[in-house]
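Trainee: Hi! Could you walk me through this one while I have it open?
Mentor: Happy to, let's bring it up and go topic by topic.

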Amino acid sequence: MTHQRSLSALTRRAAAFAVTAALLLATTGCSMPLFPDGSDASPKASASPSASAKAQSTKDSETGDKNNDAASATPQATEASAQDKAKAILATMSVEQKAGQLMMVPLFAGNGATDVQSLVQNDHVGSVLLLGNWKGGTNAVAQVSSTLQGYTSGVGLLICADQEGGQVQHLTGSGFDTMPSAVKQGQMSVDDLRASAKTWGGQLKSAGVNVDLAPVAGTVQTASRSQNAPIGALDRDFGLDAAGNGQHAAAFVNGMRDAGVMTSIKHFPGLGGVTGNTDFTDSGITDTTTTLDGGQIEGFRQALQANPDMVMMSLATYSQIDPNEPAAFSSAILNDYLRGTLGYQGVVTSDSMSAAALGSIPAKELGVRFVSAGGDLICIGANDYVRPILTGLVQKAQSDPAFAQQVDQAALRVLTLKVNAGLAG
């Protein structure tokens, strides 16, 4: 069975490489190549979101953004009352319902909302990721979003997209601006970028998309931009020093919030120091330079000042921090440092669990390892990974009381985010 799964993973990886070579559109961040025919069914993807328990609010006040950010991504309740409401909802849920809230499943361009109807209605899946090249404009996406939300009862969906700009813009057509690459966005002033992000966020909101899995807050560390396949080669960073990168990421977050759209900074603690793209390879994805006291981390420290709704974890391994686990599975990076040292208490999402970087790990273990490390929202870019990951979560929670408590904590963070966004309670 493991052998068959490995062959399947190799087949998918080969197909993904062929597409990348043909189109030069490979992307990372619960994101996928954009296929001109809009009918991509490739299983590879990467992404992430984070909750509204905003531990950085004092710092945000000090940056002078307090007044503008008060009109943030549809906050419907204070943090305390939102968590109380979320706890009340959680208390009514079965193990299966809690696990479903931790799942972000793909819906590919060209497919109808009915593709995920059973997952939402019967398996309690709480988030959907729009993948591929959606070319129909805001009206077409809004129709799908409305149908998806109609499948829910009591707790609405996070409807997510990778809308960074440049080569990573999955929603196009009438009503969606063509967004410049992050490198070009980095040439704007932070005020101009915030204003532009508000415009782009308004377009997402009109389409029923409430989470933008952006921006990238990492900084290229390789000798040249072209050597850094997941970020630099695709112009996905803001092209600045780490601090400037983070300040522009914060401006993007604040602009989206001004429009009522949630965001996820990614890919913590940064993909700027690797050569391989974790979506498509398990080679060249060990970062030997990033540490916890400088470099890429500074960009995330700056971006966290804007209180992003989510933080997406990288699938690379960081030899100077935790050489034994990818960041998404590293309690030292996710729980101890991001949550403990940096004080981030919101939703932590994974990059795509169906990425080639994790191809040697049985699918059933992926969600369990992420939640065990302190993660919350499991991004999945391939349909055949959904059932094994969900089954793994439920079975582990049913047999292990300590893990069941971790599922409760993760589901509480997701539900608190949803209450704050007006999707629950």
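Trainee: To start, what percentage of the residues of the protein count as buried?
Mentor: The protein has 425 residues, and 60% of them count as buried. Keep in mind that this is a predicted model.

Trainee: Got it. How many helices and strands are there in the protein?
Mentor: You'll find 15 helices and 13 strands.

Trainee: And the contacts with a separation of 6 or more: what share comes from residues 24 or more positions apart?
Mentor: Those residues account for 78% of such contacts.

Trainee: Let's zoom in on a helix pair. At what angle do the axes of α13 and α14 cross?
Mentor: Roughly 55°, and the two axes come within 7 Å of each other.

Trainee: Left-handed or right-handed crossing?
Mentor: Right-handed, as α13 passes α14.

Trainee: Which residues meet there?
Mentor: On the α13 side they are Ala363, Lys364, Leu366, Gly367, Val368 and Val371. On the α14 side, look for Tyr385, Pro388, Ile389, Thr391, Gly392, Leu393, Gln395 and Lys396. By type, the residues of this contact divide into eight nonpolar, four polar and two charged.

Trainee: Staying with α13, which of its residues are buried?
Mentor: Ala363, Leu366, Gly367, Val368, Phe370 and Val371 are the buried ones.

Trainee: What follows α13?
Mentor: Glycine 374 comes after the helix, and its phi is positive, near 115°.

Trainee: Is cysteine 160 buried or exposed?
Mentor: Cysteine 160 is buried, because its relative accessible area is 0%.

Trainee: How far is its C-alpha atom from that of alanine 207?
Mentor: The C-alpha atoms of alanine 140 and alanine 207 are separated by 7.8 Å, and the two residues are 67 residues apart along the chain.

Trainee: Thanks, that's a handy tour!

Notes
Residues are numbered from 1 along each chain as its sequence is written. This is a predicted model: local features need pLDDT of at least 70, side-chain atom pairs count only at pLDDT 80 or more; totals for chains, interfaces and linings use all residues. Side-chain values use heavy atoms; hydrogens and water are left out. Axes are lines fitted to C-alpha atoms, for helices over the stretch in contact, and angles run from 0 to 180 degrees between N-to-C directions. Helices (H or I, at least four residues) and strands (E, at least two) are DSSP runs, numbered from the N terminus. A crossing is left-handed if the near helix is turned anticlockwise from the far one by less than a right angle, and right-handed if clockwise. Contact means heavy atoms within 4.5 Å. Ala, Val, Leu, Ile, Met, Phe, Trp, Tyr, Cys and Pro count as nonpolar, Asp, Glu, Lys and Arg as charged, and the others, Gly among them, as polar. Buried means under 20% relative accessible area, exposed over 50%, partly exposed in between (1.4 Å probe, protein chains only).
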